[in-house]
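Please look over the sequence and the structure shown here before reading on. The paragraphs after them go through individual residues, then the overall layout, then the pockets.

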Amino acid sequence: MGLERTAKQVDDELDEICLQMVQLMDEYCSSIGRLERCLRDGCVHLAKSRYVMGHRSVSDLQLPTSGQYTARSTVVRDEDTDVIHLACDDAGDDPIKRFGVLVPGSLRKAQEGFCKCLESTIEAAIIKAQMEKIRGNYSSLKNTRSQMSNIVKK
C-alpha cells in the first residue's frame, strides 16, 4: 500500500513538472517573440536613419577599429547562484556619438530597440536554463517511476 502511495506522489510530481514546463515554454515563446519584434523595429529604424543621413553616414565605418572600447552593458553570471543578468555601466562609450552630435530620432529609436533585444535575449536565456533544470528533474523522476513499476511487476 505504501508503494502505491509513493508511486502516486511521483506521478503527481511528474504532472506538476509538466505544467511548469508548459508555462516556461509559453514564457520562452513570448520572450522570443519580443526579441523578434525588437530586432525588426531596430532594423527598420536603422534603415530610416540610413535613408535620412545617407548610407555612408550610418555604416560599419563608424565601428571602432583601434583603441579600447568600453561597453555600456555586459552579461554577468553570478558564480554562487549561476544566474545571468545584464549589468549596465553609464561610464561606457555611447556608440551613438560615433554618428555625430545631432542624430535623427530614428537612430536613437534603433539603439533603444537593440538594447531591448539584449534584455529579451537575457530573459530567454534565463528561461531556457530553467527549462533545462526542470527537464533534468523530470528525467530523474521518470527513472524513479520506471524503477517502481519494475519492482511492482516482479
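**A walk through the chain**

S49 is found in helix α1. This is a predicted model, in which local features need pLDDT of at least 70 and side-chain atom pairs count only at pLDDT 80 or more, while totals for chains, interfaces and linings use all residues. Residues are numbered from 1 along each chain as its sequence is written, and side-chain values use heavy atoms, with hydrogens and water left out.

S49 counts as buried because its relative accessible area is 0%; buried means under 20% relative accessible area, exposed over 50%, and partly exposed in between, with a 1.4 Å probe and protein chains only. Not counting residues up to four places away in sequence, S49 touches G54, V58, P104, S106 and L107, where contact means heavy atoms within 4.5 Å.

Beyond residues up to four places away in sequence, S120 touches S31, R34, L35 and C38. Leaving aside neighbours within four places in sequence, A124 is in contact with Y28, S31 and I32. A124 and L35 lie 89 residues apart in sequence, and their C-alpha atoms are 8.8 Å apart in space.

I127 lies in helix α2 as well. I127 and L24 are 103 residues apart along the chain, with 6.6 Å between their C-alpha atoms.

The layout of the whole chain comes next. The chain has 2 helices and 2 strands; helices (H or I, at least four residues) and strands (E, at least two) are DSSP runs, numbered from the N terminus. Read along the sequence, these elements follow the pattern α-β-β-α. Strand β1 (residues 73-77) pairs with β2 in the antiparallel sense over 5 bridges, pairing being assigned if DSSP finds at least two bridges between two strands. V76 stands opposite H85 in β2. The two strands, β1 and β2, form a hairpin with 6 residues between them. In the turn of this hairpin, D82 has a positive phi of about 60°.

What radius of gyration does the chain have? The chain has 24 Å, whereas a compact globule of 154 residues would have a radius of gyration near 15 Å. The radius of gyration is taken over C-alpha atoms, and the globule rule is 2.2 Å times the number of residues to the power 0.38. Along its principal axes the C-alpha trace spans about 80 × 30 × 20 Å. Of the 154 residues in the chain, 21% are buried. Among contacts with a separation of 6 or more, 69% are between residues 24 or more positions apart.

The pockets remain. Rolling a probe the size of a water molecule over the atoms shows where empty space is left. A pocket here is an open set of points, on a 1 Å grid over the protein atoms alone, where a 1.4 Å probe fits, with protein on both sides within 12 Å along at least five of seven lines; lining residues have an atom within 4 Å of a point. Grid points are joined across faces, edges and corners, and a volume is the space filled by probe spheres set on the points.

The largest pocket holds about 680 Å³ of space. The elements giving two or more residues to the lining of this pocket are α1 (2-53), β2 (84-88) and α2 (105-153). The largest share, 7 residues, comes from α2. In total 28 residues line the largest pocket, and Y69, P95, I96, Q111 and C115 lie nearest its centre. By class, the lining has 16 nonpolar, 4 polar and 8 charged residues; Ala, Val, Leu, Ile, Met, Phe, Trp, Tyr, Cys and Pro count as nonpolar, Asp, Glu, Lys and Arg as charged, and the others, Gly among them, as polar.

The second largest pocket has a volume of about 230 Å³. Its lining consists of R77, T81, D82, V83, I84, A125, I126, A129, Q130 and K133. Helix α2 gives the most to this lining, with 5 residues. The lining of the second largest pocket divides into 5 nonpolar, 2 polar and 3 charged residues. D82, the residue with the positive phi in the hairpin turn, is among the residues of this lining.
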